[in-house]
Amino acid sequence: DMIMDYEGNYWLSSSRMGVLLLSRSKFSDFNLLSGMEDAMVNAVYRYKGNTYVGSDDGLSVFNYRYEKVTDYATVELTDMLSGISVRHIMSDKEGSLWISTYRKYGVVKVERDGTISNFGRNSGLPSNTVYFTYELSDGTIAVSMDAGLLIIDKQGEILQTYGVEQGISERILSVFEDEDGTIYLGTDGSGIYLISAEDKSILAHYDTESGLNSDVVTVITKG
């Protein structure tokens, strides 16, 4: 006998193998559907109806039919980032796309009209290695780098630096801003730093000696 249940699974009875279950997977193989080559994927982001995939080999952009997007602006961007490790992708409140790259361009900004610019050593940042960006409530951008964090404006001008001179020597793994504007920085070995909303100074530092379970803080979110 064979029956189909309410989820569309098939159940078969067998004289030798007992009961067999044939079920459709709820997951899809994106690589198989899109034809994307195997790569270490670091970021996936939906933007303007397309799927942006950042890997150690660069950036790929697919439409809803899993086809590569081939308009001029997108191809210009993917060609620029070919062979470059893309670590993180986000968009800001104005609709601009921010792409964090490793050891080449720093932060790549793509405005809504397709204009591309980048902020790295060329614009005064201390390094071209950027792990991720996070938009703060005032519209500025927090930029995680090798050691510490920068806050820049939308034109790439450095407004605040949190690094060795401020007592932060570890890579920043996570950023969170609460309703009061206090910024929380999760580090790769030094716990959590709190930054004041008023004067942007370091308010406090918490680590395992303060009661944290670990000094490595990968995610900070509101409970």
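**Close-up 1. Who lines the second largest pocket?** In this predicted model, the lining of the second largest pocket counts seven nonpolar, three polar and four charged residues. The pocket holds about 190 Å³ of space. Of its 14 lining residues, Lys48, Tyr52, Ala73, Thr74 and Val110 come closest to the centre. Elements E5 and H2 each give two or more residues to this lining, and H2 gives the most, with three residues.

**Close-up 2. The largest pocket.** Here, about 390 Å³ of space lies in the largest pocket. Look for Asp57, Leu59, Ser60, Lys68 and Thr78, the closest to the pocket's centre of the 21 residues that line it. Two or more lining residues come from each of E5, E6 and H2. By class, the lining of the largest pocket splits into eight nonpolar, eight polar and five charged residues.

**Close-up 3. The two sides of helix H2.** Helix H2 runs through residues 72-80, and its Thr74, Leu77 and Thr78 are buried. Viewed down the axis of H2, the buried residues fall within an arc of 95°, so they line one face of the helix. Turn to the other side of H2, and you will find Tyr72 and Asp79 exposed.

**Close-up 4. What covers the buried face of H2?** The cover over the buried residues of H2 includes strands E5 (50-55), E6 (58-62), E8 (97-101), E9 (107-110) and E10 (116-119).

**Close-up 5. The start of H2.** Zoom in on Asp71 at the start of H2. One of the side-chain oxygens of Asp71 reaches to within 3.3 Å of the backbone nitrogen of Ala73.

Terms used. Residues are numbered from 1 along each chain as its sequence is written. This is a predicted model: local features need pLDDT of at least 70, side-chain atom pairs count only at pLDDT 80 or more; totals for chains, interfaces and linings use all residues. Side-chain values use heavy atoms; hydrogens and water are left out. Buried means under 20% relative accessible area, exposed over 50%, partly exposed in between (1.4 Å probe, protein chains only). Helices (H or I, at least four residues) and strands (E, at least two) are DSSP runs, numbered from the N terminus. The arc is that of the directions from the helix axis to the C-beta atoms. Contact means heavy atoms within 4.5 Å. A polar contact is a pair of N or O atoms within 3.5 Å; within protein, one must be able to donate a hydrogen and the other to accept it, and residues adjacent in sequence count only if both atoms are side-chain atoms. On a 1 Å grid over the protein atoms alone, a cavity is a set of points where a 1.4 Å probe fits but cannot get out, and a pocket is an open set with protein on both sides within 12 Å along at least five of seven lines; lining residues have an atom within 4 Å of a point. Grid points are joined across faces, edges and corners, and a volume is the space filled by probe spheres set on the points. Ala, Val, Leu, Ile, Met, Phe, Trp, Tyr, Cys and Pro count as nonpolar, Asp, Glu, Lys and Arg as charged, and the others, Gly among them, as polar.
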